[in-house]
Amino acid sequence: MNDSFDRLRREVVACVRCPRLVRYRERVAVEKKREFRAETYWGRGVPGFGDPSARLVAVGLAPAAHGSNRTGRVFTGDRSAAFLVRGFHAAGLANQPTSTHGGDGLRYTDLYLTAAVRCAPPDNRPSPSERSNCMPYLDRELRLLTNARAILALGGFAWDALRDAVPTVYGVERPSTPFAHGACAPLGPGRPLLWASYHPSPQNTNTGKLTHAMFVGLLERIRASYSESSSS
Ligand code: SF4
């Protein structure tokens, strides 16, 4: 297949493979949250966003009902996005520290963002079959991201999805490394490193389980890993 980011984007936006998620994303888009009632919700699958030549790829769980299911851009318009993009900006990967809506001028440099599941799930919990339905999009996206040197899982769900994608995408054994903040799994010569961070959800960031300093520190470690290997 002659794949491309454009083709992938079109397919994700039109996808109706998961009936439960399609019903949920569309219902949320009609009912809306009170503070966003004047807005038109996206209510469809949310494609990846960022620099297609990126060396760092970050992978989240799934769109938030009133975050990217509303705005149509991954990690945009909710508190997880606010935490994450402030961190990316501090690490020099984003041109601004906020991600509020599609036309806000946000640009990533050397960074691409996506998610393991592309439609908002009830309670942020996709079922195993919904995850399986969406995995081919992640596989294809990783294959298109040919410059990737590091892939950062944002949370345990994305970590497991990425480990499952490894044999198909990179042709090597699934890493056995358990999820932990700062965990790193090498995939062998010429392949990216897998890294893990706690998810930037308010449950973690409001309790201090994941702080801004921890997140930026991890981004700096990750960037150093491929900057060192590029210069050696
Ligand atoms: S979650 Fe993925 S596979 Fe399921 S409907 Fe959305 S885009 Fe399609």
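Among contacts in the protein chain between residues at least 6 apart in sequence, what percentage join residues at least 24 apart? The share is 65%, where two residues count as in contact if their C-beta atoms, placed from the backbone, lie within 7 Å.

The model is a predicted one, in which local features need pLDDT of at least 70 and side-chain atom pairs count only at pLDDT 80 or more, while totals for chains, interfaces and linings use all residues. Residues are numbered from 1 along each chain as its sequence is written.

The protein chain holds 8 helices and 6 strands, these being DSSP runs numbered from the N terminus (helices are H or I, at least four residues; strands are E, at least two). Their order along the sequence is α-α-β-β-α-α-β-α-β-α-β-β-α-α. The radius of gyration of the protein chain, 17 Å, is close to the 17 Å that the globule rule gives for 232 residues, so the chain is as compact as a globular protein of that length; the radius is taken over C-alpha atoms, and the rule is 2.2 Å times the number of residues to the power 0.38.

Of the 232 residues, 46% are buried, a residue being buried if 20 or more other C-beta atoms, placed from the backbone, lie within 10 Å of its own. Strand S2 (residues 56–60) has 5 of its 5 residues buried: Leu56, Ala58 and Gly60 point one way, and Val57 and Val59 the other way.

Strands pair if DSSP finds at least two bridges between them. S2 runs parallel to strand S3 (residues 111–115), joined by 5 bridges, with Leu56 opposite Leu111. S2 also pairs in the parallel sense with strand S4 (residues 150–154) over 4 bridges, and there Val59 has Ala153 as its bridge partner.

Note on methods. A residue is buried if 20 or more other C-beta atoms lie within 10 Å of its own, exposed if 12 or fewer, and partly exposed in between; C-beta atoms are placed from the backbone.
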